[in-house]
Structure formats: structure tokens, C-alpha cells
Amino acid sequence: MAVVLLPGLLATQAGGKNRFEVDASSVAEALRALPISDLIFDEAGGLRGLVNVYVDGKDMRTREGLDTPLAGEEEIRIVAAIAGGSCSSS
Amino acid sequence: MILAGTRKGLFLLRSEDRRTWTVEEPTLEGWDVFHAVQDPRDGSLYAAANNWVYGATVQRSTDNGKTWTRAEGLGLPEDSGLKLEKSWHVEPGRESEPGRVWLGAAPGVMFRSDDSGESFEVVESLLNEPTRERWQPGAGGMCTHSIQLDPQDENLMYIGISAAGVFRSEDGGESWTPKNKGTAADFMPDDPFPELGQCVHKLLLHPGQDGRLWQQNHCGVYRTDDRGENWERLEGNGLPSGFGFPLALDHRRPDAAFVVPEIGAENRVTPDGRLGVYRTEDGGKSWELASAGLPDPGWVSVKRESMASDRLDTPGTYLGTQSGSIFVSPNAGDEWIEAAGQLPEVLSVETGEWQ
């Protein structure tokens with residue numbers, strides 16, 4: 001089982017749980033299995049622009065993005081992009 | 001109770017006498033709460049909560065904000081070519097419509113729930129409104145920020161969209177007609193009185209006088225007495241500017257209204273170096289400064305959702321500032337008391353009853 005770790009705001013929205021074990025064959029499948037998937041994907045199914053995903057410490061974009069295959073022991077970490085200082089974020 | 005939506009979550013303020021207030025710990029931390037309201041039918045709270053990373057949501061709490069449930073699958077259909085940008089305003093349905101909740105959102109869309117906010121369906125008639133291609137987003141996006149339900153006629157409702165104007169539905173939201181006659185759009189010099197495209201900032205229906213609505217617009221303050229067929233411009237006669245955002249009414253007196261003018265579109269701050277609430281008690285014929293107790297000097301801004309009134313026998317009036325203060329007048333503007341300060345930027349103010 002892969003493990004997905006959520007940041008605090010998403011964990012609150014997931015009922016206070018910040019660690020999920022998922023049985024998935026790809027990063028996309030793992031993320032879509034989360035109860036907060038609507039917060040990290042938009043209504044068209046695209047990953048929101050400021051959501052970063054790391055697989056075993058590597059930005060998934062340096063691998064195969066959402067199609068990155070999972071063998072079952074990976075740690076997937078969701079990280080909000082640094083957006084400090086913008087009008088809407090500060 | 002005051003519900004103060006802020007740039008950093010929702011704050012609930014409690015009072016027994018509307019003079020001494022206690023600020024509860026914030027809830028929905030990390031969310032921009034554009035609007036929060038209590039459903040008078042069951043006491044539950046709704047919040048239009050947005051996050052710059054995780055998008056637009058509407059959330060419901062049945063335990064005074066301790067826990068929240070997010071509506072499922074909020075979004076626009078793929079074939080619309082549009083994406084949900086922000087949730088702006090929650091309007092609980094009528095007493096006779098259990099479970100119904102309306103949500104106004106950007107870009108110029110609405111949603112309807114019939115299960116107390118568990119799920120929302122987009123209002124197709126507005127999504128596919130034939131005039132949509134002529135709408136323009138304002139500085140805050142193309143937001144559906146005002147939803148007003150006629151208390152008697154279940155088919156009659158009004159909405160305000162910046163910058164598309166005021167629309168009326170006589171069939172419960174199945175179709176819409178622009179209702180902007182007499183409302184100026186000075187920013188369109190080639191046609192300053194168009195059928196639509198006006199930048200309505202806030203729209204309120206008086207609950208006690210059939211067909212009377214008030215509007216704070218980018219270009220003036222207006223009143224209609226015929227369900228929006230004709231609007232009368234009300235500025236001057238004591239009002240230092242027609243530009244502003246918030247608006248509040250008095251549920252007992254249809255001729256009373258409150259606005260907070262700003263200098264103008266290019267300088268969005270209260271004029272004359274003070275936080276000035278202006279009150280009319282004669283339907284907008286004349287306006288007087290009703291700011292006893294408000295900051296002077298002060299250079300302040302009050303957002304479109306950040307003014308409210310309660311339904312008590314002696315109505316209270318409430319406002320929140322972008323500088324993080326909540327002010328309360330327990331006597332319809334005669335005096336103001338600072339209920340809280342040093343809050344984050346206040347985005348919305350509503351009143352309710354602590355459950």
C-alpha cells in the first residue's frame with residue numbers, strides 16, 4: 001500500500017486524518033481515492049495549478065507526473081506551492 | 001451572534017445585549033470566507049469558503065462551526081467551457097422550501113441545493129443565459145454576489161452579478177430577465193444606460209414592502225418600487241459619493257437604508273477622512289451621516305458583504321472593515337460600538353442566533 005500524506009488544511013477537510021494508505025497503481029489513482037480529491041483536482045479533472053506532489057521525495061513532474069506508476073510502498077506527499085505575497089494568498 | 005467571514009477564516013461573535021461582545025476562536029482556518037450565513041430554518045451555518053490553492057467550496061456546520069462538511073462535487077459542467085472560480089454568497093431558501101439553498105459564484109453562475117447543501121446543481125438557465133457573452137468581470141471577478149428571494153411569491157427572485165447587472169426570475173430560476181432600466185454604466189461612455197452590463201455591487205430586497213429593492217452600484221445608489229422595472233438614482237442630498245459596496249436595510253421601515261460611500265472607483269476608501277455610514281429614512285431623498293462612535297479620522301474600506309442588519313424590534317446594524325474591525329449599532333445607526341478589532345480583513349458580516 002502506498003501512503004499519502006496531507007498538509008494541515010487538507011487533513012482538516014479529511015476529518016482530521018493526515019495519512020491515508022491507498023491501493024493504487026499510479027499517482028493519479030492514489031490521489032483520486034482521497035476524500036479530498038475535489039480540492040486537489042478541478043471539475044475538469046486537472047490537478048490544480050498550485051498543488052505539488054512528491055513521490056518518495058521527488059517532484060512527480062520529474063518522473064511521469066500523475067501517470068507515475070506505484071509499486072505499493074511509496075510515500076506520496078501533497079504540498080501547496082509557495083505563493084506568499086500575492087494579493088489573494090497573503 | 002455575528003458571523004464575520006475574513007481572509008483568514010470565520011469568526012463568531014456572541015453578545016447578550018449587542019454592546020459587549022465575545023470573539024470565539026476562528027473556524028475554517030486557512031479559508032477566505034467570502035460569505036457566511038445562518039440558516040434561520042434550522043440554525044445551521046453555511047460558508048462560501050475559498051482557498052487560493054484548493055479552490056472554491058461551500059461548507060455547512062450544524063454545531064456552531066466546530067465541524068464542517070463540504071458540499072460534494074461543486075463545479076461547472078465540462079461542456080460549458082467554464083471553470084468554477086470562487087464561491088461568493090449563500091442564500092438559504094424560504095421556510096416553505098426545506099433543504100433548498102442557493103449559492104452565487106463566479107464566473108456569473110449559481111447553484112441550487114435541495115438537500116441542505118450536501119450537493120449542488122448548477123442553475124443551467126443562468127449558465128446558458130443568452131446575454132452572457134455581453135457580461136464583463138469586475139475587479140473581483142464576475143461574481144454572483146446577491147440572491148434575493150421574494151418572501152411571498154415562491155417563483156420570484158432577483159440576483160446581482162458584477163458586471164452583468166440585476167436579473168429577475170418569475171419562474172423560480174428557470175429563466176432570467178435583465179432589470180437595469182435607469183441604472184447607469186458610466187464606464188461605458190458609448191451607452192451609459194445599457195440593457196445590461198451594469199456593475200451592481202449589492203442588491204437587497206426589502207422584506208416588508210412588495211417590489212421594493214435597493215441597490216448600491218458602481219455608479220450610484222438606487223431604489224425600485226416596481227420589482228426592478230424602473231430604478232431611481234438616489235445620490236446627492238447629503239451622500240458624498242455614489243460609489244460604494246455595502247448596503248443594509250431596516251426590516252421595519254422600508255424607507256430606511258444604510259450605505260458606506262467610498263471616494264470613487266479610482267480611490268476606494270471612505271471620504272472626508274472618516275469611516276462614514278450614511279443613513280436615509282425617507283427612501284433616499286436625503287442622507288445623513290450616522291457615524292457616532294466610528295473612527296474619525298479614518299481611511300477605511302467596507303466590502304460588499306460586510307454590512308448587515310438584524311431582525312430585532314429595535315434593529316441593529318453591523319459592519320466589518322478591511323482593517324479588521326467589527327462595528328455594531330444597536331439602534332439603527334444612532335451610535336456605533338466596536339465589537340472586535342485586530343481581526344483579519346473582514347469579507348462578510350451576517351447576524352444569527354447562537355445555538
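Helices (H or I, at least four residues) and strands (E, at least two) are DSSP runs, numbered from the N terminus. In the predicted model described here, B:Pro107 has its place in the loop between strand E9 (101-106) and strand E10 (109-113) of chain B. Residues are numbered from 1 along each chain as its sequence is written, while chains are lettered from A and ligands numbered from 1 in the order in which they are written. Because the model is predicted, local features need pLDDT of at least 70, side-chain atom pairs count only at pLDDT 80 or more, and totals for chains, interfaces and linings use all residues; side-chain values use heavy atoms, with hydrogens and water left out.

## Backbone features in loops of chain B

| Residue | Feature | Angle |
|---|---|---|
| B:Pro107 | cis peptide bond from B:Ala106 | omega near 10 degrees |
| B:Pro297 | cis peptide bond with B:Asp296 | omega about 10 degrees |
| B:Ser116 | positive phi, residue other than glycine | phi near 55 degrees |
| B:Ala332 | positive phi, residue other than glycine | phi near 55 degrees |

B:Pro297 lies in the loop between strand E23 (288-289) and strand E24 (307-309) of chain B. B:Ser116 is found between E10 and strand E11 (121-122) of chain B, again in a loop. The loop that holds B:Ala332 runs between strand E26 (326-329) and strand E27 (337-340) of chain B.

## Sheets

Strands of a sheet pair through backbone hydrogen bonds, either parallel or antiparallel. Two strands are counted as paired if DSSP finds at least two bridges between them.

In chain A, five strands form an open sheet in the order E2-E1-E5-E3-E4, with mixed pairing. Its edges are strand E2 (19-22) and strand E4 (58-59) of chain A, each of which pairs on one side only. Four bridges link strand E1 (residues 2-5) of chain A to E2(A) in the antiparallel sense, and A:Val3 stands opposite A:Glu21 in E2(A).

Chain B has an open sheet of four strands in the order E4-E5-E6-E7, with antiparallel pairing. Strand E4 (32-38) and strand E7 (69-70) of chain B each have a single partner strand, so one side of each is left without a neighbour in the sheet. E4(B) is joined by six bridges to strand E5 (residues 45-51) of chain B; B:Asp32 has B:Asn50 in E5(B) as its bridge partner.

## Aromatic pairs

The rings of B:Phe34 and B:Trp88 are an edge-to-face pair because their planes stand at 70 degrees, with the centres 4.7 Å apart. B:Phe34 lies in strand E4 of chain B and B:Trp88 in strand E8 (residues 86-92) of chain B, so this pair ties together parts that are 54 residues apart in sequence.

## The interface of chain A and chain B

The contact (heavy atoms within 4.5 Å) takes 20 residues from chain A and 20 residues from chain B. The buried area (accessible area, 1.4 Å probe, lost on being put together and summed over both parts) is about 1,700 Å², of which carbon and sulfur atoms give 52%. On the side of chain A, the residues that lose the most area to chain B are A:Leu9, A:Gln13 and A:Glu43, together 35% of what that side buries.

Two salt bridges (a side-chain nitrogen of Lys or Arg within 4 Å of a carboxyl oxygen of Asp or Glu) cross this interface. In a salt bridge between B:Lys83 and A:Asp42, the N to O distance is 2.7 Å. Helix H1 (8-13) and helix H3 (37-40) of chain A each supply at least two residues of the side of chain A that touches chain B.

Definitions and conventions
Buried area = accessible area lost by both parts, 1.4 Å probe. Phe/Tyr/Trp six-rings, centres within 6.5 Å; stacked < 30°, edge-to-face > 60°.
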